[in-house]
Every structure is written in C-alpha cells, then in structure tokens.
Amino acid sequence: MNTELFKSRHAFVAGLLLLGFAVWFFSTGDWESARSFRFGSGWTALVLFAMVLAYVLRKNVHKAGISPEFKMRVPLAKLEKAESRLSGLRVLISSGKLTDPAEIMERGKAMLKQEGVQRVIKLRLLENAEGQQILRAVPTDPLGRMARWMHAHLYYGLAAGGMVWLHAGGMPQSSMGYALAGLTLVVVLSGIGGIFLWAVMPRILTKAERDLSVEKAHALLDSLDRKVALAYESVDASTRAVCEDVDKSGENFTQRIEAARKAAPEDAEARRQAEDLMALLGQRRQVRGEWKALMRIKQRMHVWRVVHLPAAVLLSVVILIHVVSVLWY
Amino acid sequence: MSELPKELYEHRLLVDLSPKQKKLLESEAYLEVAPAGEVFARQGEYTGRFCIVFEGGVGAYREEEGVTANLGVYGPGDWFGEMSALSNQPELATYRVDVRCVLLVIEPPLFRQLHRKVGKKESKFQQLVDASYRERSLSIHLRVAPVFKGLSASMLKQLGKQAEFIDLEEGTVVAAENDPAAALFLVRSGAVKCSKTDHRGREIILSYHMANSSFGERCLTDHRSWPGAYTAIAPTSLIRIPEAVFASTLATNEGALALLRKTADFMVADEEGFSASDSAILAQRAAEAPAASQEQLEIMVGRQSVKGGEALVINLDQCVRCNACVESCVSVHEDRVPRLSKTGTRVQDTFTLASSCYNCEVPECMMSCDYGAIRRDVKGQINFVWDNCVGCQCCSHSCPYGVISMTPPPIVPGEKPKYKRHWFLQTLPFVGKYFTGSRPAVMMPEIKEEHPNVGALRGAKVQGKAIKCDLCEGLPFEACVYNCPTDAIGRENPEQLFLSMES
C-alpha cells in the first residue's frame, strides 16, 4: 500500500479545524439560534471547497500552458552565467575559504539576484557523506509540488464534508440542504474510495505488468500494426481476405492456419507469407489481450472518478446556488 | 565576435590543416574580445572550449586546499583549455583575462575535428596540443588518482613525461583476467568495466572505472595479476604509466617509491577485502546477491546505467498511471511533443528508469554530433542547439538509453514549429477525436547502417530535429516531477538507487 498519500501536514490542519468546529457545535446547544456558528461554518466550508477546487484549477491551467510560472522563464544564457558564478563560490567552499553556511547562502542568493534568476532557481546547502558542504541549485517550484496540492485536495475535501454536516446541524432542514449534504456525501465517499484505490491498485498493476507494461504494450501494438500492414501488402487478395476474416472472427489460429494454407495451396512462397501474416496477427491478438487486461486494472484504479467528477461538478453548482440564495434572501 | 584574422593559418597549431578542416574552422570558430578582469572559465565548470590567444593575456589560477596557484599566463600565440576539450572534464583552473585579449574560440565538436590525424600522420594541431597537455595539465590530472596523493608536483611531472595516451573503441579489452598487471591506468574520459565469468558462464561485474578514476595499482604490489578482464564500455581515453616508468623515474627517491608501493598495497588489500570503495561494495554485493538481484545489476551495467548522471526514476508502487507527467511535459514544450516516455528499464519490479536524459558523464550523443548541435552547459547538463541540428540521427543511435527521438523539422528554416495547444482535449472521452489538432507524431529513428550526413559540412538537408529531456530549460520547475500528484517520480543517481534497494 502506498502510504505516502496519508503523510501530510494538511491532514493535521484539516483535522484540527474540523475538531474546533465540532467542539463549537456541541457547545452551542441550540443550533437553530446559533447564527454565528452557522455563519462561521458556512464560510469555512466554502473556503475549504475553494481550496479543493484550486487543485483542479492548478492542474488544468498548467496543462493548458497558461499557468503563471510559465512567465518566469529566463534565457538559458542567464542561467548559465549564474551557474558559472556559483561555480566560483563552490571552488571557495571546496577549498575551505568559505565555511559559514549563512555567508555562503547570502553570497549565493546575491548572485542569483544579480543575474535575475532568483525566481527560477534556489540554493540548497547540503552535506555529503564526508561532511563536506555541497551547494546545489534546484528549481524553485513556485506554486509547490502537485503532490502537496493533492494532499490539500484530499484533506480539505474531507474536512469540507464534515463542515457541511456541522453547518446543517447534523440533519438537513430543506431540499437544498438534502441536495448539498447528499452530493457532499457522494463526493467524499467516492473520494475516499479513490484514495483507497490509488493507495492499493498501483502495486497490483505493477505486479500484473511484470512481463509487459501498459506503455510497452502500446509501443508493441504500434509496431505490430505497422508490420501487419506491411505483411498484408505482400500477400494476394484471396489470402488477405482469409487472414482478415480470421483476424475479425477471433477464432482459434491453429484451426484457421489450415485455411491460410489452403488459400495458397500450390505456391510455397505465398504460403510462407500467409503463415507469417497469421503469426503476426496471432502476436497482435495476444499483445492486445494482455494490454486489455492491464487496461482493465488501470480503469478499475480510476473508476471512482466516474462518480466523483460529475458529482463534484454538480456539488459546485448547488453550492453556488445555496450561497447566492442565502446572500440574496 | 569579429571576422577571423588573415594571418590565422600562420599560427603553428593551424599551419597544416586540411582544406576541409580549414573550411570547418572558418565556419565554426569565432573570435571573442574579452576585457581585462573577465573570467573566461571557472575551475570545475564544463566548457570544453579550446582557445588560442591572439592578443593580450590570460592567467590560469587553480584553487587547491585553500591555496590559489598561478599555473601560468598565456600570451599571444599561446593556447589553453586543451585539458577540458580533450577529456570532456570540468576545467582544472579558472582562466581570468589579465590584459584585454582577443581569443579564437574553438567549441568541442570542432576541436574533435581538428584533433585528428591528417592522412596517416598526426597533425601539428594534434602533436602540439598533446604536448601542451602533457606539459601543463597531465601532472595536475594525475593527482586525481589516489595512489599519487603523496607525490610532489615535480615527481608527477616526471611521470607524466613518460605516460602514454591510449584511445579505445567501445568493447576493446584493456587487460585480460589473470594476465600480469604491468601498468597503471587513469581513465581520462569514457568508462571501463572489470568483469569475470563465473562457472555458469555468466559475467560478474567486479567494478567500473569512470573518468578520473584509476586502476592497475596492483602493478606496484606483489599481487601482480588482473582480477578480471578490463573492457572499455564506451569510447575511452586512457593514460597508461608502465610499471618500469615508476622504477626508473623514482629510482633516486626511494622514499617516494616506498610510499607509492605502500599506498598501492593498501588499496589492493582494501579492494580484495571488498570493504572500501563503492565498486568493491558493489562487487561484493554482486557476489553475495541472490540471482534476481544480480540480474538487476547486470541489467544496469549492461544498459550502462552506471554512466548516467541522474536518472528519472518512477516508483511504480506510487504511480497511479494518470499520465500527468507526460501531459505536463507536453505543456512546457512549444512543439507539443513530450520528451518523456514512461517506457524504460524496470528495476526490481518497483522502479522504472524512465526514458529521459541522464546527462551522462560521458555524453556519447555530444561526442557523436559533428554539427555542434549538442553542448554541455557549465552545470554539466546536455543541451541541444536547435538551429545546428540537421537530423542525422547520430545522437539518437549513440545514446545508450534511447532517450533521443526525432521530430519533424520546422516548415520555415530557423523557426521553431508552433502547434495548436489543444492536444490535451484529445484525451476527453467520446469527443477527443474531434481535437486531433496539429500535434506532430514523434519520428522514431530508423536503424540505418550508414549515415550519409556524418562528417558532412553545414548545409546538409535537414531531415528532422533531435529532441530529448531539457530539464524544462529556463523554467522554475521540472514539469514531470512538479506535476506528479503522488510524488512517484523524481531524479536519482542510478548507482545509489541500486545500493539503496540492496540495503
């Protein structure tokens, strides 16, 4: 099981927030008249939903190539100049002339700033096995790694579910409340299912991929498709018809290879070509079968999205209606 | 930069260039005017540039153990940078302009063209550059071998005078198992593996020796035979110092010879005890490891992962196969062609060394490119110079990892192709087929026996452009690593990865 998905400080923050509101909820007694609690929990839930949506936004904005970090690109020459100056600093470090970590970092940062690359690379001062200081330049990752956003998505999403429940006083009071609570439940439960599947299924798929990975199967199928197309060109029309028939019917190849032989009974060369084509079709069918089996596991790993994504879109719409109607009336 | 001077070919290095070399020099070399105080190259940087001074002066300064030593001043007619250009190693010294100077700069691909035999005899360029390397840099270079740690600079200089330079093709056997060890070798560039065959006929790797590492210290000890066969696993350049040279050179200095023998004894004992060096640890692990692990080691050595600087490693137990890495790779490249392929070498069923550039210590792609289209930046990363690439596919064939692919050339020469950005819409269910867009297919290089463009001059017909992972050049992130939702992908040293898996 991949436990990395569960190791996050966001889980702690989300849990603490939810706990705080739960204490507040149970200490209020009369929920009906606790306007400040309903107000607070409602807005907090909205903020949490916004944080959950931020992950989706960040992912797609980056995919579309319009993420703000793209504007930070600096010419390679600038980076090289900065690296060159850092090399000078590294020589001083390795020769023992510069040992104070604070001074090293200060000088390094000043160099990056002077070259105008401080938004693209940052410095890390590490120690190697022999205890020597190593100055490394690494990407700044300005918006943080997607994995951290994923953690935030998971745990603030779970917290938002709990917050909706607290906001509704444990029991929805209207049809809007039922819709909100119901959809939140669906989204949260499918999300939990997703976390479980993402934690467990990669290992299962990895085991199944021992002989052939999905990516290699793709490449192999492409190559076989090309070879089959070429082999089809080298056989005559009647042999091609027999082979196409075999390929479409999906019948047993050993039975149908006889048919291929019969398609060219006299000509040994034509028969050999037909047999080669049959062998290729057989290989393709086998690879395709393995690929389909792997794809089935892959689809199972992502099946929760079929529920999660439409329900999340619907929930966003219902939240919007709820917020607008509450503010309006 | 300005035009090359008319008296260029009167320079003693360039006096006997062939017409083809002259033509190359005129089209590839350039003059650079550097003001006083400018640092031309720093110690530890990868530049590979070879420079001839036409005016002014450049000083070479080397920092070592807290002391800055002036290695010399290069005035008009002198040259520097041969060490880095010859061995593709980081600069041994910092070159600072003392007096405003005019330099002829020769980049590594051109240097390799000039540092060749003309007909059957060595060119003046080759002779003089090798001589200056022997005179100026070899004694410093020899110091990287631990066995020479206690020898003075003058002794190393004497040893260097009698050292031999050997260039080997991949697969050449340097020394056979059990033969008497009669020389010490320093790997100048390339890589050498030491292996032996077990009773089942399987090859067991004992160690590998990368650039700047040495082997053959046992020639100075009583353990005189080679423990395994030493074979070049890449085009390799070696420095060979025969055993007899040690005895003759250090005959008058018995103390130094005794120290050398003592150090060698210690190193060999250490190696045979399988306790000190990483290679020895690996050898021991290989000997002790169960068959499956040993197979992994053999695969990694066979695939030459040992040559890799840093590999892109996917932890398959964490990877949810969402394809975010490939999609983000697409989004950062103008041509919409991903540089990352998730196919690669699988290690112990859990990790995949993805097909992404390893920025090798010995960049065979760069060595094979005759067009100057591949260069190594100061940090050691391999970059493609788009405009220079003619699509000859030499780099993709020589890459040991197969990470270089070809993309169609731009329609207008000199312009990078711009494709529509809606490729990701293709991935939508049901409607994706309406968004096939203009993203080009990646041309997989065909295996050809001959490369008609190899060695040709500029102006060759552009068949395609080579592409590979550029580490998201100039951007503040490495897209695949940055956008992985489960932290399943990251850069790691393959050797360390193997050691961590074993432990």
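This is a predicted model: local features need pLDDT of at least 70, side-chain atom pairs count only at pLDDT 80 or more; totals for chains, interfaces and linings use all residues.
Residues are numbered from 1 along each chain as its sequence is written, chains are lettered from A and ligands numbered from 1 in the order in which they are written, and side-chain values use heavy atoms, with hydrogens and water left out.

Let me begin with chain B as a whole. Chain B has 14 helices and 24 strands, where helices (H or I, at least four residues) and strands (E, at least two) are DSSP runs numbered from the N terminus. Of its 503 residues, 56% count as buried, and buried here means under 20% relative accessible area, exposed means over 50%, and partly exposed is in between, with a 1.4 Å probe and protein chains only. Chain B exposes about 21300 Å², of which carbon and sulfur atoms supply 52%; the areas come from the Shrake-Rupley method with a 1.4 Å probe, and for residues only the protein chains shown count as cover. Taking contact to mean heavy atoms within 4.5 Å, residues 24 or more positions apart account for 74% of the contacts in chain B with a separation of 6 or more.

Gln21(B) sits in helix H1 (residues 19-28) of chain B and is buried, at a relative accessible area of 7%. Leaving aside residues up to four places away in sequence, Gln21(B) touches Gln113(B), Leu114(B), Arg116(B) and Val118(B).

Now to chain A and its helices. How do the axes of helix H6 and helix H10 of chain A cross? The axes of H6 (residues 175-208) and H10 (residues 268-301) come within 9 Å and cross at roughly 175°, with axes fitted to C-alpha atoms, for helices over the stretch in contact, and angles running from 0 to 180 degrees between N-to-C directions. H6(A) and H10(A) are therefore roughly antiparallel, since angles over 145 degrees count as roughly antiparallel, under 35 as roughly parallel, 65 to 115 as roughly perpendicular and the rest as oblique. Among the residues making this contact are Leu197(A) and Trp198(A) of H6(A), and Leu294(A) and Ile297(A) of H10(A).

Finally, the salt bridges, each being a side-chain nitrogen of Lys or Arg within 4 Å of a carboxyl oxygen of Asp or Glu. Arg203(A) is partly exposed at 38%, whereas Asp317(B) is buried at 13%.

Within chain A, Asp225(A) meets Arg284(A) in a salt bridge of 2.9 Å, N to O, and also forms one with Arg288(A), where the closest N and O atoms are 4.0 Å apart. Arg288(A) lies in helix H10 and Asp225(A) in helix H7 of chain A, so the pair ties together parts that are 63 residues apart in sequence. Asp225(A) is partly exposed at 32%, while Arg284(A) is buried at 10%. I will end with a network of salt bridges that links Asp141(A), Arg145(A), Arg148(A) and Asp487(B).
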